[in-house]
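Walk through this model one piece at a time. Keep the sequence and the coordinates side by side.

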Amino acid sequence: MRQSPRSVSRFKRRILLAVFRCLWLNSRPRANRRCGRPVVNRFSPGETLWFRFYRDDFDADGTLKPHRMSPPDQSMNRQSLHGRSWFVLLAAPRSSRAKRITQLYMGIVAVSVASLPRAPTHLGGNYEFRVEHAPLDHNYQHCEVRLYQDGNRLLKANKAIKKYYREVLVDRVSICLEAEVSSKAG
Amino acid sequence: MIFHTPPPPVHELCQESIATVGEMWPEDSRAVIDWAPYGEPMVHENVESSTSINISTSSPWMSDALKKVSFLGSLDGTWHDSDAEAPDTVAVSLASQVLAQLATLGIEPADIDASVDGGICISFAGVDRRSNIECFNSGEILGAMVAYGQEPTIWEITGRNLSSSAAQIYSFLNE
């Protein structure tokens, strides 16, 4: 669904207010904290995943740059389990003040579970990308897209496989919130 | 892999109309990168350079491109939110060589940028298609060609197929 510029602006204002409130109170919302909740590795295909990005992670034509995408294990936040898109803008505890503020002004990108790259067939080797729930104490909705080969998780992936993942994913994401800040390379 | 003497800053190369990388290194510490089939390149020291690459700044975009590569080489480990590795001297050297090859074929990159996978990415844009060459700190170079809505083609680039890879990208973008 395409949002009008006015509704996008209202959406952005609501997100920024929520994030500023968390920053001001120096706490994360209760829904975002784990509080002893279990790992839930069930994802529906339509579930949305979110991650943050810088302004210069996008080309002038609005395409996400593949070389700026984090390769597996890429961190994302899930929609279910009471997740909100703006949780990805909250910095980890004990982050520096500069990092907390920079992260606040980053943008949010969404991708559905069904759109994630699955298996690079032409590269061989029985590789498979899987999204898995990896909750943190301060971020219960945290997930990671992990790489498996023949059912075994690979902690260090071949660069060609990682590149395949990034090249496929960039065409399947949509922007939720524009970024206001650039990386140091921007 | 250790460089006893790093390659000269790329902006120095811009001063010359045609500069040979090997010649600009101190005589006693000249190193030549031998392109391994996959993985880390082997570096031979004090080898008389037979594979040194001419950096030509005759293309109008080349000077700016080399300055950008030099700038990317000066980034530190905090350049991106994802704690990505900053491009190092290996990536800078490889990117300069790729740019030299592109200049000889008259292929102008659309963008030169740091990669979160540790390296420098040289991107090209066409109509409904894009391509890029990523030079990694590990010494690997990977090329990618993507037509929108189709599976990407990814291949390894070595010193031997650099020229043909650049030509392949040129014909892909102009199909």
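Is Leu49(A) buried or exposed? Leu49(A) counts as buried because it has 26 C-beta neighbours inside 10 Å. The cut-offs are these: a residue is buried with 20 or more other C-beta atoms within 10 Å of its own, exposed with 12 or fewer, and partly exposed in between, with C-beta atoms placed from the backbone.

A word on the source. This is a predicted model, in which local features need pLDDT of at least 70, side-chain atom pairs count only at pLDDT 80 or more, and totals for chains, interfaces and linings use all residues. Residues are numbered from 1 along each chain as its sequence is written, while chains are lettered from A and ligands numbered from 1 in the order in which they are written.

Stay with Leu49(A). It lies in strand S1 (residues 48–53) of chain A. Helices (H or I, at least four residues) and strands (E, at least two) are DSSP runs, numbered from the N terminus. Leaving aside neighbours within four places in sequence, Leu49(A) is in contact with Met76(A), Asn77(A), Arg78(A), Val111(A), Val113(A), Val131(A) and Cys143(A). Contact means C-beta atoms, placed from the backbone, within 7 Å. Val109(A) is 60 residues away along the chain, yet its C-alpha atom is separated from that of Leu49(A) by 8.3 Å.

Now cross to chain B. Here 23 residues of chain A are in contact with 25 residues of chain B. On the chain A side, helix H3 (residues 159–169) gives the largest share, seven residues.

Next, the core. The largest nonpolar core has 74 residues. Such a core is a set of buried Ala, Val, Leu, Ile, Met, Phe, Trp, Tyr and Cys residues joined through C-beta atoms within 7 Å. Val69(B), Ala95(B), Val98(B), Leu99(B), Ile120(B) and Cys135(B) have the most contacts inside it. Helix H4 (residues 89–105) of chain B gives the most to this core, with 10 residues. Beyond four places in sequence, Leu99(B) touches Met62(B), Ala65(B), Leu66(B), Val69(B) and Ile122(B).

Finish with the strands of chain B. Strands S5 (residues 111–115) and S6 (residues 119–126) pair in the antiparallel sense over five bridges. Pairing requires at least two DSSP bridges. Asp113(B) stands opposite Cys121(B) in S6(B). Three residues separate S5(B) and S6(B) in their hairpin, and Gly118(B) in the turn has a positive phi of about 85°. S6(B) is also joined to S7 (residues 129–136) of chain B, antiparallel, by eight bridges. There, Ile122(B) has Ile133(B) as its bridge partner.

Note on methods. Two residues are in contact if their C-beta atoms, placed from the backbone, lie within 7 Å.
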